[in-house]
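This briefing goes through one protein chain, from the whole fold down to single residues. Keep the sequence and the 3D view open while reading.

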Amino acid sequence: MEVMFENVYEETEDMVYRLNCKVLHKQRIFWTVLMSFFAAAFAFLGWIMEWIPYLLAAVAYLLLAVRYFRLPRRHARNALKKKLEYYNGTNPPMTVQFGEEIVFRDLDSLQTIPYSKVKNLYMLKGYLCIRTEMNAWHAFPMTGFTKGSPRELTDFLREKCPQLKLPDWQW
């Protein structure tokens with residue numbers, strides 16, 4: 001298998017955080033709507049029954065803000081903590097290769113993804129996120145390529161994944 005593009009990188013908290021923000025987007029919207037509904041209901045009760053529901057509405061908004069902004073960061077910290085525990089305190093390099101298939105590998109695992117199984121590609125502040133048909137998510141930085149360049153990779157992905165409507169990303 002000829003490798004056209006290769007990137008060797010280490011997972012960082014920022015990379016996992018950005019990926020979690022994308023993955024947990026719908027869950028964050030759900031909690032925003034639910035907590036806003038409860039806060040509005042408490043505010044309406046406060047209008048009718050004095051000040052106690054106003055306090056409950058303020059607490060509901062506070063919980064919403066904490067949940068909304070802290071959830072992806074907490075998931076990222078926990079994921080990296082588990083990875084460090086698994087690898088005895090080291091963060092081994094990961095490799096992504098683009099050739100006949102997309103190949104993600106680290107010390108213990110190898111995962112291949114055919115281009116026909118790629119459902120979406122997202123560019124998130126310097127990271128490329130790949131979503132497969134099985135709803136698996138993979139991210140890697142768009143810097144540090146050992147073979148190829150990011151611009152050539154996007155042209156390559158446009159060619160290999162005709163099922164996707166890719167935007168014109170600015171590098």
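A residue is called buried when its relative accessible area is under 20%. By that cut-off, buried residues make up 37% of the 171 residues in the chain. The model is predicted. Its secondary structure comes to 4 helices and 8 strands.

**The chain as a whole**

- Followed along the sequence, the elements come in the pattern β-α-α-α-β-β-β-β-β-β-β-α.
- Among contacts with a separation of 6 or more, 56% are between residues 24 or more positions apart.

- Three strands form an open sheet in the order S5-S6-S7, with antiparallel pairing.
- Strand S5 (118-124) and strand S7 (137-141) stand at the edges with a single partner strand each, so one side of each has no neighbour in the sheet.
- On average, neighbouring strands of this sheet are turned by 20° against each other, direction ignored.
- S5 pairs with strand S6 (residues 127-132) in the antiparallel sense over 6 bridges.
- Within this pair, Tyr122 stands opposite Cys129 in S6.
- Strands of a sheet pair through backbone hydrogen bonds, either parallel or antiparallel.
- Helix H1 (residues 13-23) lies across S5, S6 and S7, and its direction is at about 140° to S7.

**The hairpin S3-S4**

- Strand S3 (residues 102-105) and strand S4 (residues 110-113) are antiparallel partners over 4 bridges.
- A hairpin of 4 residues joins S3 to S4.
- Val103 stands opposite Thr112 in S4.

**Helix H4**

- Which residues of helix H4 (residues 150-160) are buried? They are Leu153, Thr154, Phe156 and Leu157.
- These residues cover an arc of only 160° around the axis, which puts them on the same side of H4.
- An α-helix has 3.6 residues a turn, so residues three or four places apart point the same way.
- The buried residues of H4 pack against strand S1 (5-9), S2, S5, S6, S7 and strand S8 (145-147).

**Lys83 in helix H3**

- Lys83 is found in helix H3, which spans residues 52-86.
- Is Lys83 buried or exposed? Its relative accessible area is 12%, and the cut-off for buried is under 20%, so Lys83 counts as buried.
- The side chains of Lys83 and Glu11 are joined by a polar contact of 3.1 Å.
- Apart from neighbours within four places in sequence, Lys83 is in contact with Glu11, Thr90, Asn91, Pro92 and Met94.

**Gln97 in strand S2**

- Gln97 is found in strand S2, which covers residues 94-98.
- Gln97 has 10% relative accessibility and therefore counts as buried.
- With which side chains does the side chain of Gln97 make polar contacts? One is the side chain of Glu6, at 2.6 Å, and another is the side chain of Arg105, at 3.2 Å.
- Setting aside neighbours within four places in sequence, Gln97 is in contact with Val3, Phe5, Glu6, Ile102, Val103 and Arg105.

Methods: Residues are numbered from 1 along each chain as its sequence is written. This is a predicted model: local features need pLDDT of at least 70, side-chain atom pairs count only at pLDDT 80 or more; totals for chains, interfaces and linings use all residues. Side-chain values use heavy atoms; hydrogens and water are left out. Helices (H or I, at least four residues) and strands (E, at least two) are DSSP runs, numbered from the N terminus. Buried means under 20% relative accessible area, exposed over 50%, partly exposed in between (1.4 Å probe, protein chains only). A polar contact is a pair of N or O atoms within 3.5 Å; within protein, one must be able to donate a hydrogen and the other to accept it, and residues adjacent in sequence count only if both atoms are side-chain atoms. Contact means heavy atoms within 4.5 Å. Two strands pair if DSSP finds at least two bridges between them. Axes are lines fitted to C-alpha atoms, for helices over the stretch in contact, and angles run from 0 to 180 degrees between N-to-C directions. The arc is that of the directions from the helix axis to the C-beta atoms.
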